[in-house]
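Please look over the sequence and the model below. A short report follows.

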Amino acid sequence: MRRRPIIAAVVTIIIIAGAVYYFYGYRHRDISSDFNAVKEYTEDAATTSAVKSALALNKQLSSFDIHVDSANNPGKSGNDVTLTGHVPTEDDKRVAEEITRSTKGVGNVVNNLQVDPKAQAANAEQQHVPDLEIKAAVLQSILNNPSLKTQQIKVDVYNGEVKLAGSVQSSTQKADAESAARSITNVREVDSNALAVSKSGAGQP
């Protein structure tokens, strides 16, 4: 009875070996070339992702639609990265190239970004609706806090950056307002410098 599992295992091995022989022997394929192709694809994807992340983390460029393509360059250290899309100024184009060059895995940069002043206006329109949604969510978060809903807090949002203004009665309330803003999805930064603590509550914790 024990022979059946052994026979089944042997048959499976023979089938796999035959498939490998057919694919890489009969069809004259080189298994090492396929492994290299997979490795190159993985490196290209990793480099592309790293450059996109670096550009997205830059405040000056994060709102622009910059396309990133990476290709392996055999014999050279690092991948060839091509940037395409539109930015409003030459400075934006320069900064995008500098960030890309400084990203790990990049060997050469082909900067095909087109300078178009209208790009800024287009991105501003695209960002307008998300900013309004963030503002509404921050205001609702503040209203949901019993200690904040009666305070004079103004909220402005631009490109995901929240600015709090007005006044509160204590430093604790100011910290709570900052936390309420930061808890909202897609908020990139919170500036509360214009949110004053009133003199009457300045001594409170």
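## Helix 5 and its length

Helix 5 (residues 171-182) has 12 residues, which at 1.5 Å a residue should span 16 Å; its end C-alpha atoms are 17 Å apart, which agrees. The expected span of a helix is 1.5 Å times one less than its number of residues. Helices (H or I, at least four residues) and strands (E, at least two) are DSSP runs, numbered from the N terminus.

This is a predicted model: local features need pLDDT of at least 70, side-chain atom pairs count only at pLDDT 80 or more, and totals for chains, interfaces and linings use all residues. Residues are numbered from 1 along each chain as its sequence is written, and side-chain values use heavy atoms, with hydrogens and water left out.

Which residues of helix 5 are buried? They are Q173, A177, E178, A180 and A181. Seen down the axis of helix 5, these buried residues fall within an arc of 160°, so they line one face of the helix. The arc is that of the directions from the helix axis to the C-beta atoms. Buried means under 20% relative accessible area, exposed over 50%, and partly exposed in between (1.4 Å probe, protein chains only). An α-helix has 3.6 residues a turn, so residues three or four places apart point the same way.

A175 also lies in helix 5. A175 is partly exposed, with a relative accessible area of 34%. In sequence, A175 and S192 are 17 residues apart; in space they are 9.0 Å apart, C-alpha to C-alpha.

## The chain as a whole

The protein chain has five helices and six strands. From the N terminus on, its elements run α-α-β-β-α-β-α-β-β-α-β. Of its 205 residues, 28% count as buried. Its accessible surface comes to about 13400 Å², and 55% of that belongs to carbon and sulfur atoms. These areas come from the Shrake-Rupley method with a 1.4 Å probe; for residues, only the protein chains shown count as cover.

Contact means heavy atoms within 4.5 Å. Among contacts in the protein chain between residues at least 6 apart in sequence, 61% join residues at least 24 apart.

Three strands form an open sheet in the order 1-2-3, with mixed pairing. Two strands pair if DSSP finds at least two bridges between them. The edge strands are strand 1 (66-71) and strand 3 (106-115), and each pairs on one side only. Neighbouring strands of this sheet are turned by 15° against each other on average, direction ignored.

Strand 1 and strand 2 (residues 79-87) run antiparallel, joined by six bridges. A71 has D80 in strand 2 as its bridge partner. Helix 3 (residues 90-101) packs on the sheet and touches strand 1, strand 2 and strand 3; its direction makes about 165° with that of strand 3. Axes are lines fitted to C-alpha atoms, for helices over the stretch in contact, and angles run from 0 to 180 degrees between N-to-C directions.

Strand 1 has two faces. I66, V68 and S70 form the covered face, while H67, D69 and A71 form the uncovered one. In a regular strand the side chains alternate between the two faces of the sheet.

T47 lies in helix 2 (residues 31-56). T47 is buried, with a relative accessible area of 6%. Not counting residues up to four places away in sequence, T47 touches S70, N79, V81, G105 and V106.

Seven bridges pair strand 4 with strand 5 (residues 161-168) in the antiparallel sense. K154 stands opposite A165 in strand 5.
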